[in-house]
Amino acid sequence: MAETVLSTGIRYETLPENYVRPPSDRPRLSEVVSEHIPLIDLGRSDTLQIIHEIGKACESHGFFQKMARIAKEFFDMPLEEKMRFYSDDPSKKMRLSTSFNVKKEKVHNWRDYLRLHCYPLEEFVHEWPSPPSAFKDVVSTYCTEVRQLGFKLLELISESLGLERDYMEKVLGKQGQHMAINYYPPCPEPELTYGLPGHTDPNTITILLQDQHVAGLQVQRNGKWVAVDPHPNALVVNIGDQLQALSNGRYKSVWHRAVVNSNKERISIASFLCPANDAVIGPANPLTKEVSPAIYRNFTYDEYYKKFWSRNLDEEHCLELFRR
Ligand code: OGA
Ligand code: NI
């Protein structure tokens with residue numbers, strides 16, 4: 001594949017052959033169902049002051065809209081301007097890329113993405129794109145708020161498992177934060193390809209700001225693909241592989257995928273909270289009694305992450321390789 005992205009400004013009339021999935025591995029869009037996805041109103045959860053405040057901030061400052069707009073501004077820039085950031089090396093701390101792992105995969109995905117490391121901010125922000133002139137500012141603010149929300153969610157999740165409130169925080173160490181700004185151009189043959197094929201996220205939790213107008217995210221539930229339609233001012237929270245391991249399989253890292261459509265571009269912004277590289281992950285001790293012995297071995301996040309990026313996205317669940 002040529003070293004370029006899809007977002008060139010030129011609309012494709014046909015789907016290039018190296019994006020076409022074999023018939024057994026196509027999205028079968030007519031079989032996708034619609035089910036109720038629980039919605040939590042942060043602005044109303046007045047028992048949890050911080051959550052309430054985050055909820056208010058999200059609502060009042062056009063905070064999501066700003067982030068979405070700056071993402072679009074980036075992908076709308078001329079190709080030469082964007083290509084300065086291009087790399088297919090997953091170890092780069094900031095890069096524009098396309099598909100998923102272009103060097104490893106056989107079939108490509110109908111997606112471009114800008115990937116940023118976001119914590120500690122001061123270490124990375126200076127190398128972020130400019131123009132767009134407001135990018136550093138808007139994205140920094142967004143990252144900071146999302147991080148707070150993520151920490152709060154981790155506390156609530158710890159408690160929901162019957163663990164100490166700060167259990168996750170302690171185990172996960174100094175958590176990293178990455179962002180993927182995903183851009184899915186209109187696609188001439190959406191039935192033959194994916195924006196992102198079914199996968200689970202390798203990190204702890206993912207907070208996704210979906211396009212507020214264009215649908216594309218789907219999650220797997222009971223063997224069926226369920227559309228997660230856009231909801232104004234809502235974020236999607238995904239449990240990642242590390243929480244599945246920590247919870248000893250009680251919480252499942254959700255299989256999800258992004259499909260594309262023929263008319264409209266779609267943008268989504270994924271924020272990933274990740275354990276420190278040297279954090280030792282494994283089923284939490286209090287959850288591994290005789291009735292439910294640990295099903296995964298302990299591993300460092302560094303080991304897991306290297307394994308994840310050495311593979312193709314739509315292979316079996318990476319966590320399966322860490323079973324005891
Ligand atoms: C991801 C992801 C879904 C989407 O970036 O890991 O699953 O809707 N994105 O873009
Ligand atoms: Ni994902």
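**Entry 1: a loop to begin with**

Where is L235 found? I located L235 in the loop between β7 and β8. For these labels, helices (H or I, at least four residues) and strands (E, at least two) are DSSP runs, numbered from the N terminus.

Before going on, I noted that this is a predicted model, where local features need pLDDT of at least 70, side-chain atom pairs count only at pLDDT 80 or more, and totals for chains, interfaces and linings use all residues. Residues are numbered from 1 along each chain as its sequence is written, chains are lettered from A and ligands numbered from 1 in the order in which they are written, and side-chain values use heavy atoms, with hydrogens and water left out.

Back to L235: it counts as partly exposed because its relative accessibility is 22%. My cut-offs are under 20% relative accessible area for buried, over 50% for exposed, and partly exposed in between, with a 1.4 Å probe and protein chains only. I also checked L235 against Q210, which is 25 residues away along the chain, and their C-alpha atoms are separated by 7.0 Å.

N233 lies in that loop between β7 (224–227) and β8 (236–239) too. Its phi is near 60 degrees, a positive value in a residue other than glycine. N233 has a relative accessible area of 39%, so I wrote it down as partly exposed.

I moved on to the loop between α7 (241–246) and β9 (256–258), where S247 is found. N248 is found in the loop between α7 and β9 as well.

Is S247 buried or exposed? S247 counts as buried because its relative accessibility is 1%. The side chain of S247 reaches the backbone nitrogen of Y251 at 2.9 Å. I call that a polar contact, meaning a pair of N or O atoms within 3.5 Å; within protein, one must be able to donate a hydrogen and the other to accept it, and residues adjacent in sequence count only if both atoms are side-chain atoms.

N248 has a positive phi, near 55 degrees, and is not a glycine. At 10% relative accessibility, N248 is therefore buried. I jotted down the background here: most residues other than glycine have a negative phi, and most peptide bonds are trans.

**Entry 2: two cis peptide bonds**

Which peptide bonds did I find to be cis? One runs from Y119 to P120, with omega near -10 degrees. P120 lies in the loop between β2 (112–117) and α4. Another cis bond runs from P131 to P132, with omega near -5 degrees, and P132 lies in the loop between α4 and α5.

H126 also lies between α4 (121–124) and α5 (135–160), in the loop. H126 counts as exposed because its relative accessibility is 54%.

**Entry 3: along α5 and just past it**

S158 lies in helix α5. S158 is at 0% relative accessibility, so it counts as buried. A polar atom of the S158 side chain lies 3.5 Å from the backbone nitrogen of M168.

I then looked at E164, in the loop between α5 and α6 (167–172). E164 is exposed because its relative accessible area is 60%.

**Entry 4: the ligand**

Next I looked up distances to oxygen atoms of ligand 1. A polar side-chain atom of Y184 lies 2.7 Å from one, a polar side-chain atom of H256 lies 2.9 Å from one, and an N or O atom in the side chain of N182 is 3.2 Å from one. Taken alone, ligand 1 exposes 290 Å², and the protein buries 96% of that; these areas come from the Shrake-Rupley method with a 1.4 Å probe.
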